[in-house]
Amino acid sequence: MKIPVGILGATGMVGQNYIGLLNEHPWFEVRFVAASPRSAGKKYKEAVAGRWQLAESCADAVSGLTVHDANDVSAALAAHDRGQCAFVFSALETGKDQIRALEESYAKAGVPVVSNASAHRSTPDVPMLIAEVNPHHADVIPFQQRNHGFKKGFIAVKPNCSIQSYMTPFYALINTGFEIRRAIVSTMQAASGAGYPGVASLDLIDNIVPFINGEEEKSELEPLKILGTVENGVIKPADAPIIAAHCNRVSVSDGHTACVSIEFGAKKPSIAEIKHIWTNFTALPQELNLPFAPMHPIIIQEEDDRPQPRKDRDADKAMAVTVGRIRPCPVFDVRFVGLSHNTVRGAAGGGILNAELLKAKGFLD
Ligand code: NAP
């Protein structure tokens, strides 16, 4: 028996990726879909007609589902009570306050929310999980439930898609005892990161847009929460690394690339040590053999001109981070290029891995 799940924002870029990735998932199956009032009442296939983004067609079982209005929590609750929606993945894109309130309403109604949206990322008792980095942050969930009067529901989120390409490499080094004091990160982010229809094609073809609203702030602050400690039922952000981010939208379909320079504390690893640490890095998802866990969370590409989005974004189910060009930095200590698939590792795949982790920890029973 698979666990029936729902998707809020099922018709969007990330929602469609959830549907594609959950097709034949060994634990979860999509039984409930919801989106804006514009799509509500239509069959799913009809609601995404003309804007389906995946190469493979939508599974028949999902095509025929009726899309509900995501603002109507009672529809999900009724599906929950019928045993058709144990929890929801949230891939909503609308006002931040509206998403914050909606996700809380689902949790309050007893339907856990595993979210991709940014609305609750800075809420201190909401874990912001990268399954390989901070799975222990899920420990705040019982405190969150008590603080908000949630009985069975809760909210867990994943971070911004652009930080995936360097957070796991950072953590692998920090976890081995190398403090990272400061970092400068310049990202080249794919068009799909802006959702559908996203940036107008005439603004992006033959062009780079050196501004993504709110992205640099997220890139500088979210890593501190992810590396923070759980204290008295909330997550206390770390003090370091201090990050300066430059985020750019580029004419790539999928795959966010980051050029990164890092400054270590007093103890500095050699390039050979860094490569050894990254090549051998594994964590709890690999230990638990979770279905969406990449076998190797960090893959090193030694060729001079890698990683590249087209060649490397799909590595290990599109769930691995590929790094390359690891070399000394004349300003800080070391520089490298990191790449991860934004709609898979950075969105739906990361959300599914978080749900697998939460299930393995007993939060979704
Ligand atoms: P998107 O393509 O614009 O899809 C937005 C979804 O939200 C659609 O299903 C849409 O339904 C629904 N929606 C819009 N307005 C709504 C309303 N008023 N009430 C209820 N539902 C509404 O966006 P996306 O790229 O999939 O992003 C979804 C979320 O994931 C966002 O929070 C985004 O920040 C986050 N995220 C995206 C990426 C990425 O790479 N794209 C990566 C990480 C995180 P209709 O189709 O009916 O309009």
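**Exercise 1.** Is Tyr44 buried or exposed, and what is its relative accessible area?

Solution. The model is predicted. The relative accessible area of Tyr44 is 0%. Buried means under 20%, so Tyr44 is buried.

**Exercise 2.** How many aromatic pairs does the count give, and why is the pair of Tyr44 and Trp52 edge-to-face?

Solution. The count comes to eleven aromatic pairs. For Tyr44 and Trp52, the ring centres are 6.3 Å apart and the planes stand at 90°. Ring centres must lie within 6.5 Å for a pair, and planes over 60 degrees apart count as edge-to-face. The pair is therefore edge-to-face.

**Exercise 3.** Classify the pair of Trp278 and Phe336, and state where in the chain the two residues lie.

Solution. Step one is the geometry: the centres of the two rings are 5.0 Å apart, with the planes at 70°, so this pair is edge-to-face. Step two is the location: Trp278 belongs to helix H10 (residues 271-280) and Phe336 to strand E15 (residues 334-340). The two residues are 58 residues apart, and the pair links distant parts of the chain. Step three is accessibility: Trp278 is buried at 0%, and Phe336 is buried at 1%.

**Exercise 4.** Which residues do ring pairs link into a cluster with Trp27, and which residue lies over the face of Phe178?

Solution. Ring pairs join Trp27 with Tyr18, Phe28, Phe87 and Phe89 in a cluster. Over the face of Phe178 lies Lys267, 4.7 Å from the ring centre.

How values were computed. Residues are numbered from 1 along each chain as its sequence is written. This is a predicted model: local features need pLDDT of at least 70, side-chain atom pairs count only at pLDDT 80 or more; totals for chains, interfaces and linings use all residues. Side-chain values use heavy atoms; hydrogens and water are left out. Rings of Phe, Tyr and Trp (its six-membered ring) pair if their centres lie within 6.5 Å; planes under 30 degrees apart count as stacked, over 60 as edge-to-face and the rest as tilted. Buried means under 20% relative accessible area, exposed over 50%, partly exposed in between (1.4 Å probe, protein chains only). Helices (H or I, at least four residues) and strands (E, at least two) are DSSP runs, numbered from the N terminus. A charge sits over a ring if NZ of Lys or CZ of Arg is within 6 Å of the ring centre and within 35 degrees of the ring normal.
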